[in-house]
Amino acid sequence: MTTSGAPGTVAEAVRELRGIAHWWVDGRYAEPQSLIRAALGALVAGVDTPSLWLLACLLSGEEDQAPGLFGRVMDELGFGLQLPDDEGDYWQGRLVLARWWAAEIVGGWLDPVEGAGLIVENVAEAYGKCEELAPMVDAVVAHMGDAGSQVPADEIAAHLTRAAGELLVRIPSPSGGLVPHDLADPARAGSARSKPVSRASRLSR
């Protein structure tokens, strides 16, 4: 999610843009002005892409261009969502979306508990348990059963991150496109990623 106040560094600005993207990619409404403000804040922090400038400089009456430009900003910053070429395959598109969220978890950009909720609530619950999503569903169910125990938040986050890594193995990357952080092994990302603020304590209560 976005942070309060303007980002002070490039890393903070990119994290804020990604936080918007985590919800926006599933068609959730975002005020054009919020996209424009985020782009302006990112420019001030030092992020520089062609579409970011166009987005930040949109005038009154041009806000309808904001969603398309934000999608281009995602591509230019390397975390765009590449859907299958066959737009009629809705289920495959949902799996690709689940894979994108899983990659964001593994890369350290999306809180594991928040990301697991997005995957389960927006993809798995619509179709029931399937082989591709089973690791994440199993991990979420396991820790929901720990609600009365004192399982450390870090342990829950680590389990959900491993489950996200399993999804990257089971769900192929879209043909002809890239999905961010194409990492099958969470350990490969562990040393490079910055640790997100954990919300895993919600499941450990």
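Predicted model: local features only at pLDDT ≥ 70, side-chain atom pairs only at ≥ 80, totals over all residues.

What follows is a list of stops, from the whole chain down to single residues.

**Ground rules.** Residues are numbered from 1 along each chain as its sequence is written, and side-chain values use heavy atoms, with hydrogens and water left out.

**Stop 1: the whole chain.** Helices here are DSSP runs of H or I with at least four residues, strands are runs of E with at least two, and both are numbered from the N terminus. Now colour by burial: of the 205 residues, 47% count as buried. Buried means under 20% relative accessible area, exposed over 50%, and partly exposed in between, using a 1.4 Å probe on protein chains only. Turning to contacts (heavy atoms within 4.5 Å), residues 24 or more positions apart account for 67% of those with a separation of 6 or more.

**Stop 2: the core.** Select Leu55, Trp101, Ile119, Leu133 and Met136: these have the most contacts inside the largest nonpolar core, which has 56 residues. Such a core is a set of buried Ala, Val, Leu, Ile, Met, Phe, Trp, Tyr and Cys residues joined through side-chain atoms within 4.5 Å. Its largest share, 9 residues, comes from H5. As background, nonpolar side chains in soluble globular proteins tend to be buried together.

Zoom in on tryptophan 101. Leaving aside neighbours within four places in sequence, its contacts include His22, Asp26, Leu118, Ile119 and Asn122.

**Stop 3: H6 against H7.** Select residues 112-127 for H6 and 134-144 for H7; their axes come within 10 Å and cross at roughly 115 degrees. The axes are lines fitted to C-alpha atoms over the stretch in contact, and angles run from 0 to 180 degrees between N-to-C directions. Which residues in H6 and H7 meet? Show Ala116, Ile119, Val120 and Ala124 on H6, and Met136, Val137 and Val140 on H7. By class, that contact has 7 nonpolar, no polar and no charged residues. For the classes, Ala, Val, Leu, Ile, Met, Phe, Trp, Tyr, Cys and Pro count as nonpolar, Asp, Glu, Lys and Arg as charged, and the others, Gly among them, as polar.

Stop 4: Aspartate 111 is in the loop between H5 and H6. Is it buried or exposed? Aspartate 111 counts as buried because its relative accessibility is 4%. Draw a distance from its side chain: a polar atom there lies 3.1 Å from the backbone nitrogen of valine 113.

**Stop 5: leucine 95 and glutamate 132.** Leucine 95 lies in helix H5 and is buried at 3% relative accessibility. Beyond four places in sequence, leucine 95 touches Glu132, Leu133 and Ile171.

Hop to glutamate 132, in the loop between H6 and H7. Glutamate 132 is partly exposed, at 25% relative accessibility. Besides Leu95, glutamate 132 is in contact with Leu167, Arg170 and Ile171, neighbours within four places left aside.

**Stop 6: alanine 163.** Finish in helix H8 with alanine 163, which is buried at 5% relative accessible area. Not counting residues up to four places away, alanine 163 touches Pro135, Met136 and Ala139.

Terms used. Polar contact = N/O pair within 3.5 Å; in protein donor to acceptor, adjacent residues only side chain to side chain.
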